[in-house]
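Biologist: I have a model open and would like to learn how to read it. Could you take me through it feature by feature?

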Amino acid sequence: MKKRSKYIIAATIVVFVTLGFLFIQQNTFKMIEQKIEIQTPNGVLKGTLALPTDYAGEIGLVVFVHGDGEINDTYDGGYKPLWEKFASVGYASLSWSKPGIHGSEGNWLDQSMDDRAEEVIQAINWAKSLPMIDDTRIGLWGASQAGWVIPKVVKEEREIAFNILVSPAINWISQGKYNTSKSLEREGYTKEEIEEVEQYDNQVLDLLNSQSSYDEYLKMAHQDRLISEERWSFIKKNYQSDTTEELKYFNSPVHLVLGGQDINVDVNNTELVYRQNVQSDHLSVFILPDADHSMLKKDIATSTWRTYLTAIFFPRKLSDDKYLSDLTQFVSQMAPKPGI
C-alpha cells in the first residue's frame with residue numbers, strides 16, 4: 001500500500017508540474033506589457049500598453065474600446081492573444097480598466113456614450129505624447145457597445161487611421177429585443193412564454209420613455225429580472241442610443257467583423273446598416289459563420305466549463321483562428337509603405 005501511495009503522489013506531482021508548465025507557457029506572450037496611468041479630468045485610468053518586443057523608431061497603435069459590463073484592461077486576459085498578434089506586425093495596443101474597475105477612478109455606470117467617447121479621446125491624446133507612437137497610425141478596435149462610442153470619437157478625432165468594429169451595436173432598443181428573443185429561443189422557451197417576456201420588457205420601456213424613477217420601476221419589476229438602481233440610471237442615460245446616422249462620420253478604413261452565431265446583435269441588419277451609411281471605399285466586411293458575439297469558437301461558446309478551461313490553459317485558442325488572422329492582416333495593411 002505504501003508503494004502504491006508513493007506512485008499516486010508521484011503521478012499527482014507530475015500532473016501538477018505539467019499543468020503548471022502548460023499554464024506558464026500558454027500565458028507567456030511575445031510582447032512587452034507596461035502598466036500605465038492616464039490622467040483625465042474625471043480621474044486616473046489604469047491600464048496596459050502592450051508593445052512589440054523588438055520595435056524600433058515610431059510604431060502604430062490600436063486603442064481598445066470595451067463593450068458593456070465590468071471590464072478591466074486585459075478583459076481578464078482575453079485581449080492578450082490579440083495584442084500579441086498586433087505586436088507581431090509592429091503595432092502597440094492600449095487598453096484601460098473602466099472607471100471603478102481595477103483601480104481606475106470613477107464609476108462606468110455613471111457614463112453616457114458621449115462620456116465614453118471623451119474618455120477614449122483623452123486616452124488617444126495621452127498616447128500621442130509617447131515618443132514611440134506614430135500619431136498618424138493610431139486606430140481603434142471596439143466590440144459590441146463600442147459601436148455607439150467609436151463613431152462619436154471619429155467625429156471629433158478626424159485623424160484616426162482605421163477602425164475595427166467587432167459585433168457592433170446599432171440601436172439599443174431593437175438590439176435588446178433581438179437579444180431577448182434569441183436568448184429565450186436558445187433556452188427552449190415557447191412562443192407564448194417569449195411573448196410574455198416581451199410584453200414585460202415593453203412595460204419597462206414605457207417607464208424609461210417617461211423617465212420614471214427607480215422606485216416606480218420597482219413597483220412593477222419582476223424579481224427574477226430585477227435591474228439594480230445603478231444599472232437603471234445607466235440605461236436611462238443610454239437606451240436611446242442609435243449610431244445609424246453617426247456612421248457617416250467615418251473617413252478612414254472601417255473593418256466590420258461579424259459572427260454567424262451571434263444572438264446579441266442581428267448581424268444581417270448590422271451589415272446592411274453599415275453598407276448603407278459607411279462609404280463603400282472605406283468599408284470591408286468579414287463574417288465568421290461559426291463565431292459568436294465575442295468571436296469565440298462555436299464548440300467553446302456553448303460550454304461554460306470549456307470556455308473557462310480554455311481561457312486558463314489555452315487562451316490563444318479561445319477566439320476563432322480566422323478572426324485573429326483576419327485582424328492581423330487588416331492592421332498590417334495599415335503600416336506605411338517602404339520609403340514613405
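**Reading the contacts**

Modeller: Let's start with charges: Asp114, Lys152 and Glu246 are linked in a network of salt bridges. A salt bridge here is a side-chain nitrogen of Lys or Arg within 4 Å of a carboxyl oxygen of Asp or Glu. Keep in mind that this is a predicted model, where local features need pLDDT of at least 70, side-chain atom pairs count only at pLDDT 80 or more, and totals for chains, interfaces and linings use all residues. Residues are numbered from 1 along each chain as its sequence is written, and side-chain values use heavy atoms, with hydrogens and water left out.

Biologist: How many salt bridges does the structure hold?

Modeller: The general idea is that side chains of opposite charge can pair when their charged atoms come close. This structure holds 12 salt bridges. In one of them, glutamate 246 meets lysine 152, with the closest N and O atoms 2.9 Å apart. Glutamate 246 lies in the loop between helix H8 (229-238) and E7, and lysine 152 in helix H4 (residues 146-156), so the pair ties together parts that are 94 residues apart in sequence. Helices (H or I, at least four residues) and strands (E, at least two) are DSSP runs, numbered from the N terminus.

Biologist: Are glutamate 246 and lysine 152 buried or exposed?

Modeller: Both are buried. Buried means under 20% relative accessible area, exposed over 50%, and partly exposed in between (1.4 Å probe, protein chains only). Now take lysine 182 and glutamate 185, whose closest N and O atoms are 3.9 Å apart in their salt bridge. They sit three residues apart in helix H5 (residues 172-186), about one helical turn. Lysine 182 is partly exposed at 30% relative accessibility, and glutamate 185 is partly exposed at 44%.

Biologist: On to strands. Which residues cover the two faces of E7?

Modeller: In a regular strand the side chains alternate between the two faces of the sheet. For E7, one side has Val254, Leu256 and Leu258, the other His255, Val257 and Gly259, and all are buried. With six of the six residues of E7 (residues 254-259) buried, the strand is largely enclosed by the rest of the structure.

Biologist: Which strands does E7 pair with?

Modeller: Two strands pair if DSSP finds at least two bridges between them. Strand E6 (residues 163-166) pairs with E7 in the parallel sense over four bridges, and leucine 165 has leucine 256 as its bridge partner in E7. E7 also pairs in the parallel sense with strand E8 (residues 283-288), over six bridges. There, histidine 255 has serine 284 as its bridge partner in E8.

Biologist: And the aromatic rings: how many pairs are there?

Modeller: A pair of aromatic rings is described by the distance of the centres and the angle of the planes. The rule is that rings of Phe, Tyr and Trp (its six-membered ring) pair if their centres lie within 6.5 Å; planes under 30 degrees apart count as stacked, over 60 as edge-to-face and the rest as tilted. By this rule the count is 14 aromatic pairs. One of them, phenylalanine 64 with tryptophan 83, is edge-to-face, at 6.2 Å centre to centre and 90 degrees between the planes. Phenylalanine 64 lies in strand E3 (residues 59-65) and tryptophan 83 in helix H2 (residues 80-88), so the pair ties together parts that are 19 residues apart in sequence.
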